Amino acid sequence: MNKWELVKLGDVVTFLDNMRVPVKASDRVEGEYPYYGANGQQGTINDYIFDESLVLLAEDGGNFNDPTRPIAYIAKGKYWVNNHAHVLRPLEMITLKYLYWVLAFCNVMPYIKGATRPKLTKTDASRIKIPLPPLATQKRIVKILDKGQELIDKRKRQLEEMDELVKSLFYDMFGDPVTNPMGWEKGIIRDLAVKTQYGTSKKAHETDGEFPVLRMNNITYKGTWDFSSLKYVDFDENEKAKYLVYKGELLFNRTNSKELVGKTAVYKNTEPMAYAGYLVKLIVNEKANSEYISAYLNSNHGKAVLLNMAKSIVGMANINAEELKKIKILIPPVSLQNEFATRVQAIETEKERMQKSLKELEDNFAALMQRVFKGEL
């Protein structure tokens with residue numbers, strides 16, 4: 001194993017933090033130049049303060065404990081950086097991309113201060129110890145890690161394309177909901193529903209309980225599921241009858257921000273879960289398949305309808321169950337809806353395969369980084 005020198009970050013970079021400038025809310029308008037902060041690009045504005053490729057390292061923002069959000073990234077070209085990210089210019093003994101990768105790998109938690117709002121000060125960031133191999137080795141490490149990241153990014157793009165494939169399939173089979181080129185019967189969602197039911201208001205717990213509770217954050221804007229954050233609850237028999245969702249039933253997010261209210265997805269797991277009061281469960285009748293209703297509400301037309309009808313109440317927006325049932329919808333033959341659902345299931349099966357592959361790639365990449373920075377490659 002190679003024994004590389006451990007150096008302090010402050011000895012191999014120049015901090016350009018004194019050039020950072022906060023951006024006023026009035027300046028956060030779409031412009032020509034990227035605007036960066038602790039969590040990456042925050043938007044665009046009409047000015048810039050940096051005109052070179054540099055590494056940005058989160059100073060605060062609460063993302064240090066979230067493994068899905070990188071704390072370091074590279075900014076290129078002309079851009080603005082606010083005072084929530086350190087700006088690092090590498091000195092001659094370290095390459096820009098190696099600096100990025102080693103910071104992405106390092107555990108910075110020992111250098112963080114503050115419990116409610118974690119902060120990595122410039123002084124403490126300067127103390128971060130990193131391995132410093134020769135420049136030639138740095139370049140070889142970068143080449144290895146870039147290749148691994150490229151494979152991960154490719155798999156993520158494929159998954160995004162699978163999501164778009166469902167949308168394309170919907171339009172291919174049913175046409176544009178706005179123009180109704182296939183002349184489908186028109187109705188409202190009430191015509192396709194047996195019943196709707198609000199979720200439970202029972203207090204959920206972090207770890208204890210028989211049933212996971214689906215909340216509004218578990219439904220994505222695209223109409224898929226994110227089970228990374230779940231709480232748990234116990235039910236008696238009456239509560240089970242009311243507040244469990246089963247495979248094939250549809251959940252609708254009735255309360256959220258105006259942009260997110262109306263998120264809709266079909267529950268697809270074999271085992272039932274509970275669902276919280278901010279969600280509405282809809283059970284379809286013999287005229288409909290829940291996959292069709294979900295795809296309709298997740299279409300561009302459906303999103304526009306939901307955005308237009310959402311009523312804002314003290315920063316939140318709401319579409320209640322009765323309003324949901326009054327939404328206008330095209331009603332193609334249920335046989336065609338069922339065919340659509342079958343084809344969606346085939347896409348979902350392929351997505352599951354890709355997601356497992358992505359998890360394997362990410363696990364292998366994490367192991368690769370360990371080996372690389374231990375000098376074993």
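Q: Buried means under 20% relative accessible area, exposed means over 50%, and partly exposed is what lies in between. With that in hand, what makes E339 partly exposed?

A: In this predicted model, E339 has a relative accessible area of 39%. That value falls between 20% and 50%, so E339 is called partly exposed. R343, at 40%, gets that label by the cut-offs too.

Q: How do you know that R343 and E339 form a salt bridge?

A: The pair qualifies when a side-chain nitrogen of Lys or Arg lies within 4 Å of a carboxyl oxygen of Asp or Glu. For R343 and E339 the N to O distance is 3.8 Å, so they meet that limit. The two residues sit four apart in helix α8, which puts about one helical turn between them.

Q: Why do the side chains of D124 and K113 count as a salt bridge?

A: Their N to O distance is 3.5 Å, and the limit is 4 Å, so the pair counts. D124 lies in helix α2 and K113 in the loop between α1 and α2, so the bridge ties together parts that are 11 residues apart in sequence.

Q: What makes K281 and E249 a salt bridge?

A: The closest N and O atoms of K281 and E249 are 3.4 Å apart, so they fall within 4 Å. K281 lies in strand β20 and E249 in the loop between β15 and β16, so this pair ties together parts that are 32 residues apart in sequence. K281, at 6%, is buried, and E249, at 14%, is buried as well.

Q: How do you know that β16 pairs with β18?

A: Pairing needs at least two bridges, and β16 and β18 have three, in the antiparallel sense, so they count as paired. Here F252 stands opposite T264. Strand β16 is also joined to β20 by four bridges, running antiparallel, with V280 as the partner of F252.

Conventions:
Residues are numbered from 1 along each chain as its sequence is written. This is a predicted model: local features need pLDDT of at least 70, side-chain atom pairs count only at pLDDT 80 or more; totals for chains, interfaces and linings use all residues. Side-chain values use heavy atoms; hydrogens and water are left out. Buried means under 20% relative accessible area, exposed over 50%, partly exposed in between (1.4 Å probe, protein chains only).
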